[in-house]
Structure formats: structure tokens, C-alpha cells
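User: I would like to go through this model step by step. Could you start with the terms we will need?
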2 protein chains.
Amino acid sequence: MRSATPVAAAIVRAMETPDTAADRTAPDTPEAGGIAAQDWAQASADPRYRAAVVDLLGVLACGELAAFERLAEDAKLAPGLDDKAALARMAAAEFHHFEQLSERLTAIDADPTAAMEPFAAALEDFHRLTAPSDWLEGLVKAYVGDSIAADFYREVATRLDSDTRSLMLRVLDDTGYAEFAVGRVRAAIEADPRVSGRLALWARRLMGEALSQAQRVVADRDALSTMLVGGVADGFDLAEIGRMFSRITESHTKRMAAIGLAA
Amino acid sequence: MRSATPVAAAIVRAMETPDTAADRTAPDTPEAGGIAAQDWAQASADPRYRAAVVDLLGVLACGELAAFERLAEDAKLAPGLDDKAALARMAAAEFHHFEQLSERLTAIDADPTAAMEPFAAALEDFHRLTAPSDWLEGLVKAYVGDSIAADFYREVATRLDSDTRSLMLRVLDDTGYAEFAVGRVRAAIEADPRVSGRLALWARRLMGEALSQAQRVVADRDALSTMLVGGVADGFDLAEIGRMFSRITESHTKRMAAIGLAA
């Protein structure tokens, strides 16, 4: 399915060659009277919109469950009990994100497992290809993953019906534990400045793998692709998708610079 | 420190050769006016009681964190996404037990990490020696561990000051996710009755390793030993400790029989 539909192929190109136009600071304002002005009952009357949201909640739920698993595993790399507890706390938070998404799927009469299944392989591959080799890499991965996920939720939420949007913002609101990673990484770089170059490369690799799995998901899933450019969600077109990915990549670069990892 | 104090040695003997007297259905009623009638402010005026409770909360917190870690790891053995999610849910619940215990340690001016550290090796050894080799062993371990922990909390809680007691019962109240394991194990035995013998042996081994690590903890930690027989908590003496371990072992045996694992 990799070279699936022309729409998916166009989206993948837009992700690869984002528009470099000036206005990248905020997503387009959703049109008045569009999806964002409707609630779930109204918006889901369109079966394409319904399928797209089930896909979206499915990929996010699958991502949160995979994140839980990996954070819990990476907690084993922690040098002490308090660091271990901090990573375990992040893992538990990801699990609660998963639970909220999964409960929402059930509430809209979708089977959570069926909704997640199509994305399990891409997420599994992402984590397999980015298994941290030490505690600092694990920390950076947790921080990068949590931040990119939050950016993505925020970007997409504004384009969805009011019920799905408030769920996304609620899930998002829960994060923030990742902040502790910043202090730890900064301290490690102060103690040994050579660490910075290695971790900067690592962060770039994480972003690269994340984008490449995201492209795979978009290419494979018609319902998601249709939402992204088919006019079933507000304000998306190919150029806007390119801009969205640019904004997410830029925020990532700024965050990395802020913790001492020049990209 | 294994052969530490005569008190610890006596406790270990009591654990090994429990009293087989008739009345094993309920713990002794705490004496009126004893610790159970006091709150933390009153009871902790005795530094021996304070030290014992810090030890107790430390070992429980360490146990919950280790349980979180192992359940999260065992979730990888799950045959499907819904089973994985169920085990992840148990892991997240254990993490919240850990958090409550850890917050309580902070609230009584004890450092959670320092309180946990003395017990990390025993718990690490327990989990290393009982790493499940497949999904069913993982399920049985989760179920056995959760149930024994709940029994122990319930037994000890009645002998403590009112504040510590209500914490223990609150933590305990949170469990129950383990029930899903029962259905899964029963179904596996129905599908292949030979599974039963293997899992029954496994459950016995789990209980044996748990008791042997518990003996090690008691032998190593004077503060805990003193609480158990030194009259700083209600209703404990050597005979009662033997009875407590008998009750816990019996409940375990009954639970195993109920899910089709003859002990």
C-alpha cells in the first residue's frame, strides 16, 4: 500500500518539501461554519469524517500505548530510584492518555483494538529503530516524543469538531512531566560538553524516523489522508500540511537548542 | 546482616513454621487504646514506631515501583493489543500505588528514595528469579502478586495508626484489575488442560520466592522486625506473625484452586 493513492502520494511530498512561506507561526483559522463549529453528532453524520476521526484516535491511542511500553522499559536505564520513578511517572501519564483515547473510541461505537491495529507495525518499527542505548538517550527520546506529540495534538485539534477537539486538548493538558528531562540533559552537558554533539545527532535521528513513519501511516491510510486534504476537516490542503510539518519541525529545533543540543 | 538480631531470626522461624491453630480466619483484634486508636501525630512520637512505618512504606513503595516495571515489561508478551492494554492498566495502577506511598513518605518528612533503597536488591532479585517465560506465566504472576500484596496490606493496616491505616486501605482499594487474569487463565486451561500443571508449579514457585525475599527483608531490617514483634504495632507477636503468613498462604492456595491451579 506504500504508493497507495495519488492523494496520499501528494501528502507525502508535501511533508517532504514543506512550503517555506513566511507565515508559519499559526495554523490557518478554521472557516466559520466548518467542522470546528459542529459537535460530534453533527460532524460524524459524514461517514468520511467519522472514519477519519476513528483512524486519528486509533493512531494516537496506539502511539500512547507504545510510548508507555517504551518509557517503562527505558526506566530500567535510570541511574537511581528517583530518576526511575520520574520516567515511570511519564509512562503512567502516557497510559492515561491511551485510556482517554480508547474510552472515546468505545463511546463513539468504534472498537479500540481494531482502530489501533493498522498502526501497530509503524509504531513498533519506530521504537525498534530508536531504542536508546543509554539513560540520556532515553531522556531525550521521552522529551522529544512528548513534545512533538503535544504539538501535533494542538495543530490537529483546531480543525476538528468541538467534542473531538476538547478530548485532544484534555489529553494534551496532562503532559508536562517531560520537563524534568530538560534539567537532567542540561546537567549532563555541563558535566561533559561532548555529550551535546552525540545527543544532538540522536535528536535529529528521532525526528527523521518519526517523520518517515508518519509518511508511511499517511500513505497507508486512506481515511486519514482524506481528512488531511479531502476537505472533511477544516483548513487543510497540501500546502497547509507542509506548513504544519514545518512548524512542528521548527518547534522541535528550537526546543533542542534550548536544552543545549544544536540541531 | 542475614543472621542479624535474635528477634529477626525468631521472626524468620515463625514465617517458616506457622502456627496451625484453628482460628486463622481473622487477625487478632487490636487492643483498645493501642496504636490503632491513635493518629500519626500521636503514634509517631515513639521514634521506633516512626522508623518502622518509614521502613514499611519504603518497602511497599519499592515493591510497587518494581511491580510497575515488571508488569510493563511483561505486557510485551501479550498476544494482542487488548491484552497488552490490560496489563499496562495494571502497571499504571501499581505506579499510582507507588505515588501515594511516596507522597506519604514526603509528607512525614522522610526521603522516599532513601526509604526505598534498602529494599531495592531484594525486590530486584525476586523479579529476576521469577521472570515469566510466556504470557500466561506473566498473567499468573500479576494476579498472584497483586492478590498477595492486597492481603498483606489488609493484614498490616489493622495494626497501625489511623492515618497510615487509611493510606494502606486507600492504596489497596485501587487494585482489582487483576481479575481479568482469572478469565484468561481459565480459558487457557480449558483450551489445553496440561497448562494447569505447569502454571500450578509456577504459582508455587512465585509464592516460595516471595516468602524467601520477605524473610530476607525481615532479617535485614531492624526497624521492621521491631514493629512486627516489639510491641510498637498492635497485636503482633511471633505466633501471630506465623498465623498471618499462614492466612496469606492459604488465601493464595484458595485463589489458585479457584482459577483451576491445584496447589
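Analyst: A salt bridge is counted here when a side-chain nitrogen of Lys or Arg lies within 4 Å of a carboxyl oxygen of Asp or Glu. Please note that the model is a predicted one.

User: How many salt bridges are there over all chains?
Analyst: The search of the whole structure finds 28 salt bridges. One of them joins the side chains of Asp125(A) and Arg216(A), with an N to O distance of 2.7 Å.

User: Which helices hold Asp125(A) and Arg216(A)?
Analyst: Asp125(A) belongs to helix α5 of chain A, residues 112-129, and Arg216(A) to helix α9 of chain A, residues 194-220. The pair links distant parts of the chain, 91 residues apart.

User: Staying with α5(A), at what angle does it pack with α4(A)?
Analyst: The angle between α5(A) and helix α4 of chain A (residues 81-107) is about 120°, and their axes are 8 Å apart. The two helices are therefore oblique to each other.

User: Which residues meet there, in α4(A) and α5(A)?
Analyst: From α4(A), Phe98(A), Ser102(A), Leu105(A) and Thr106(A) meet Pro112(A), Ala115(A) and Met116(A) of α5(A). By class, this contact has 5 nonpolar, 2 polar and no charged residues.

User: Changing topic: how much area do chain B and chain A bury between them?
Analyst: They bury about 2,100 Å², with 67% of it on carbon and sulfur atoms. The contact takes 21 residues from chain B and 21 residues from chain A.

User: Which three residues supply more of the area that chain B buries than any other three?
Analyst: Those are Phe68(B), Glu69(B) and Leu81(B), which supply 27% of the area that chain B buries against chain A.

User: And how many salt bridges are there between chain B and chain A?
Analyst: The count is 6 salt bridges. Among the salt bridges between the chains is a pairing of the side chains of Glu73(B) and Lys76(A), at 2.6 Å from N to O.

User: What residues meet between α6(B) and α9(B)?
Analyst: On the α6(B) side they are Leu136(B), Glu137(B), Val140(B), Lys141(B), Val144(B) and Ile148(B). Their partners in α9(B) include Trp202(B), Leu206(B) and Met207(B). The residues of this contact divide into 10 nonpolar, no polar and 3 charged.

Notes. Residues are numbered from 1 along each chain as its sequence is written. Chains are lettered from A and ligands numbered from 1 in the order in which they are written. This is a predicted model: local features need pLDDT of at least 70, side-chain atom pairs count only at pLDDT 80 or more; totals for chains, interfaces and linings use all residues. Side-chain values use heavy atoms; hydrogens and water are left out. Contact means heavy atoms within 4.5 Å. Helices (H or I, at least four residues) and strands (E, at least two) are DSSP runs, numbered from the N terminus. Ala, Val, Leu, Ile, Met, Phe, Trp, Tyr, Cys and Pro count as nonpolar, Asp, Glu, Lys and Arg as charged, and the others, Gly among them, as polar. Buried area is the accessible area (1.4 Å probe) that two parts lose on being put together, summed over both. Axes are lines fitted to C-alpha atoms, for helices over the stretch in contact, and angles run from 0 to 180 degrees between N-to-C directions. Angles under 35 degrees count as roughly parallel, over 145 as roughly antiparallel, 65 to 115 as roughly perpendicular and the rest as oblique.
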